[in-house]
Amino acid sequence: MSELPGDTQYMARALQLARQGLYSTHPNPRVGCLIVAADGRVVGEGWHVRAGEPHAEVHALRQAAEAARGATAYVTLEPCSHFGRTPPCADALVQAGLRRVVVAMQDPNPQVAGRGLQRLRDAAIEVHCGVLAEEARELNRGFCKRMETGLPWVCAKLAMSLDGRTAMASGESQWITGPAARSAVQRLRARSSAVLTGADSVLQDGTRLTVRAAELGLEPAQAALALARPPRRILLDGRCRVPLQAPFFQAGSALVVAAQGDVARYAEAGHELWLLPGEAGQVDLLQLLRRLAEQGVNELLVESGARLVGALARQGLIDEYQIFMAAKLLGSSARPLLDWPLDSMQQAAELDIRQIRACGNDWRIVARPRPAHAGASTM
């Protein structure tokens, strides 16, 4: 069935609802649902709040009650057709007596992947898929990538001066950017499934990777959701150099990834150690990403120094850069943004700038590698 007048407007509202789950649905996708009666009245709204709880369609149907019969449902992701921790949403829509269902995009999950839409069609419900599909996919970019490739969406957060430096030669880096930028980084952490840093950042800066309520800048309800599901904190420490007494470990349970180490020692301290040796005694970064995806990590935020980010970039493992640029000059002896030696302009990695906007007195640049530079290998 083709798109009808009003479909885009109603789907935009459903996406707005879905975004309320930005900080809380992991490892599930963010989904919103709107139910509209034949006369154009919105009779039900819902969004998925947490994994294991009712999906967006169920919340909207409960609100609509009998008014759902003969109505149209707008859902930002194909309704599920399988039993997980909750019953199939496609069945709930059928039982409610809906006349039409409009979906933004098909679910990339192989367990669903068109089956939910077919279940609706088999029940003689009119189905239209593809309204604001690009926006819906962007909202669930990590979930989509994990389902399609077995890898999480990797975002590298970097802070630099106008001359492209991240720290003084001594390692001093606090603070390059101002409060508004730091608040934006807190929200990036809160929306991520996990946050990864390296041993150098922990040893030099005392990094903890925690989500701090005072700096989130969110409404109380959204802040509560973000704090209730903090991201998994991960330390890449190839030779286990960071002592267990460091602030990073004192901030709570953490995952450490190394090439070698004593698993029992970390377990006794309440932490987990993964041994993923790669070439030249380094950690196998691709294997790390695959294993994180297997555990349901949709979005991985990397907050680290030039060495780890450079290693990920060289292997084509970064999907997006979020660069916060301060109105400062740190000078030629300060540390560079990436440890990525290149010899010619032909080797330069090209990026597509997606967004540039002011962030307090700083600038926030969102950029993504061009497909020609994608690829992956073992570190």
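Q: What makes strand 4 and strand 5 a pair in this predicted model?
A: Two strands pair if at least two bridges are found between them. Strand 4 and strand 5 (residues 126-129) are joined by 4 bridges, in the parallel sense, so they count as paired. Within this pairing, valine 102 stands opposite histidine 128 of strand 5. From strand 4 the chain passes through helix 4 (residues 115-122) to strand 5, in a right-handed β-α-β crossover.

Q: How do you know that both faces of strand 4 are covered?
A: In a regular strand the side chains alternate between the two faces of the sheet. In strand 4 (residues 100-103), Arg100 and Val102 lie on one side and Val101 and Val103 on the other, and all are buried.

Q: What makes the contact between glutamate 138 and arginine 368 a salt bridge?
A: The cut-off is a side-chain nitrogen within 4 Å of a carboxyl oxygen. Here the closest N and O atoms are 2.5 Å apart, so the contact counts as a salt bridge. The pair links distant parts of the chain, with glutamate 138 in helix 5 (residues 133-139) and arginine 368 in strand 16, 230 residues apart. Both residues belong to a network of salt bridges that also includes Arg141 and Glu320.

Q: Why is aspartate 39 called exposed, but arginine 41 partly exposed?
A: Exposed means over 50% relative accessible area, and buried under 20%. Aspartate 39 has 53%, so it is exposed. Arginine 41 has 47%, so it is partly exposed.

Key. Residues are numbered from 1 along each chain as its sequence is written. This is a predicted model: local features need pLDDT of at least 70, side-chain atom pairs count only at pLDDT 80 or more; totals for chains, interfaces and linings use all residues. Side-chain values use heavy atoms; hydrogens and water are left out. Buried means under 20% relative accessible area, exposed over 50%, partly exposed in between (1.4 Å probe, protein chains only). Helices (H or I, at least four residues) and strands (E, at least two) are DSSP runs, numbered from the N terminus. A crossover is right-handed if, with the strands pointing away from the viewer, the path from the first strand over the helix to the second runs clockwise.
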